[in-house]
Amino acid sequence: MPIKNRFAELLPEITAWRRDFHAHPEILYECHRTAGIVAQKLREFGCDEVVEGIGGTGVVGVIRGRKADSGRVVGLRADMDALPIHEATGLDYASKEAGKMHACGHDGHTAMLLGAAKYLTETRSFDGTVVVIFQPAEEGGGGGRAMCEDGLMDRFGIHEVYGMHNWPGVAPGTFSIRPGAFFAATDQFEIVVEGRGGHAAKPHECIDTTVVAAHIVTAMQTIASRNADPTKEMVVSVTSFVTGSQAFNVIPQTVTLRGTVRTLSADMRELAEARITALAEHAATAFGAKAQVKYMRGYPVMINTDTETEYAAQAARSVSGACDDAPLVMGGEDFAYMLEERPGAYILVGNGDTASVHHPEYDFNDDAIPAGCSFWVELAEQRLPLA
């Protein structure tokens with residue numbers, strides 16, 4: 001694997017950064033310590049400009065190449081935040097923060113982009129500008145949207161933008177990508193069913209919300225199986241069923257259902273929202289109950305643009321010799337907001353035979369660091385070649 005020799009030399013240092021981030025996880029926009037270290041290191045590396053506080057606790061570093069004739073600006077993005085999970089790895093650098101854990105590898109993403117930034121400031125072997133983006137709150141907080149709303153793309157003149165995520169179950173240092181829709185839109189819903197509560201021995205005097213809600217759950221299984229085009233992906237999952245009473249002999253006045261919807265196209269997203277609302281309301285009416293539906297749109301579909309996907313694949317092939325076709329992913333990724341603002345692509349790098357992401361025994365594989373750093377540098381130099 002043609003990894004840049006400099007990253008073999010830097011591996012112990014980058015690994016130490018990564019493990020320090022791992023031991024001190026921060027969630028959502030609370031990435032104050034992580035962002036502070038990132039900003040300090042970018043200044044030490046010699047970035048031409050370092051800006052903090054973009055989108056809350058986001059950090060941006062600007063690295064100008066030896067030449068600026070191209071006028072091109074390429075953005076490279078890593079996420080910094082952790083998850084509200086209690087770690088169970090037993091590692092000597094395990095989380096020191098109870099109930100917080102880097103269970104998705106954002107510690108590795110941050111460390112790899114920092115390593116690339118160090119190399120790029122040392123060499124500057126490109127014509128144009130590289131903007132390194134360190135984002136908070138990917139895990140449900142919409143930090144990518146917040147950075148964009150704070151003027152990220154226009155302020156730094158970014159023309160195209162790229163992201164990367166580790167992928168367990170794939171050999172370390174190997175890459176995969178796909179053009180078009182890649183990660184799903186992630187919506188949520190809440191349905192409150194109200195009937196008439198009462199004694200369980202007198203159901204005829206009640207409107208049983210448990211029965212009504214059960215019919216709604218069953219009916220919702222037909223959205224993907226009977227309403228959606230079978231060639232298009234959709235997941236509708238009811239994940240919480242909470243009654244207004246925990247007693248054995250009470251028919252509850254209310255039941256609350258919650259769940260998630262995952263889609264990969266705008267028409268399926270519209271269909272899911274319309275059918276959930278109609279099924280809940282009409283099923284409740286049929287039993288004499290009422291249903292209030294709240295549908296909350298989350299991250300949009302993440303769509304890789306065709307040309308930039310090929311650029312990323314070329315860079316990956318330069319590093320590892322190959323770039324595989326990635327599967328569709330029904331998980332969400334708020335890099336989608338950046339791809340709505342600019343053309344770009346998101347790529348996966350293998351994490352080896354590890355626990356899956358969002359698992360209490362997950363750990364980022366440091367063996368992936370040289371390939372990840374090399375990919376970032378190769379992409380920047382290929383997109384901004386010196387004449």
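Residues are numbered from 1 along each chain as its sequence is written, and side-chain values use heavy atoms, with hydrogens and water left out. Because the model is predicted, local features need pLDDT of at least 70 and side-chain atom pairs count only at pLDDT 80 or more, whereas totals for chains, interfaces and linings use all residues.

The C-alpha trace of the chain spans about 80 × 45 × 35 Å along its principal axes, and its secondary structure comes to 10 helices and 16 strands, taken as DSSP runs numbered from the N terminus (helices H or I, at least four residues; strands E, at least two). Of the 387 residues, 54% count as buried, a term that denotes under 20% relative accessible area, with exposed over 50% and partly exposed in between (1.4 Å probe, protein chains only). Among contacts (heavy atoms within 4.5 Å) between residues at least 6 apart in sequence, 82% join residues at least 24 apart.

An open sheet of eight strands, with mixed pairing, has the order β1-β2-β4-β3-β5-β16-β6-β15, two strands being counted as paired if DSSP finds at least two bridges between them. At the edges stand β1 (49–54) and β15 (324–325), each with a single partner strand, so one side of each is left without a neighbour in the sheet. Strand β5 (160–167) pairs in the parallel sense with β3 (residues 73–79) over four bridges, in which Gly 163 is the bridge partner of Arg 77. On pairing with β16 (residues 344–350), β5 again runs in the parallel sense, over seven bridges, and here Met 164 stands opposite Ile 347. Seven of the eight residues of β5 are buried, so this strand is largely enclosed by the rest of the structure.

Strands β2 (residues 58–64) and β4 (residues 129–135) run antiparallel and are joined by six bridges. Val 59, which lies in β2, stands opposite Phe 134 in β4 and is buried, with a relative accessible area of 1%. Not counting residues up to four places away in sequence, Val 59 touches residues including Val 38, Leu 42, Val 132, Phe 134 and Met 147. The C-alpha atoms of Val 59 and Ile 347, which are 288 residues apart along the chain, are separated by 21 Å.

About 630 Å³ of space lies in the largest pocket. On a 1 Å grid over the protein atoms alone, with a 1.4 Å probe, a pocket is an open set of points with protein on both sides within 12 Å along at least five of seven lines, and lining residues have an atom within 4 Å of a point; the volume is the space filled by probe spheres set on the points, which are joined across faces, edges and corners. Of the 32 lining residues, the closest to the pocket centre are Glu 139, Gly 140, Thr 186, Arg 262 and Tyr 299. At least two residues of the lining are supplied by each of β5, β8 (185–194) and β12 (254–263).
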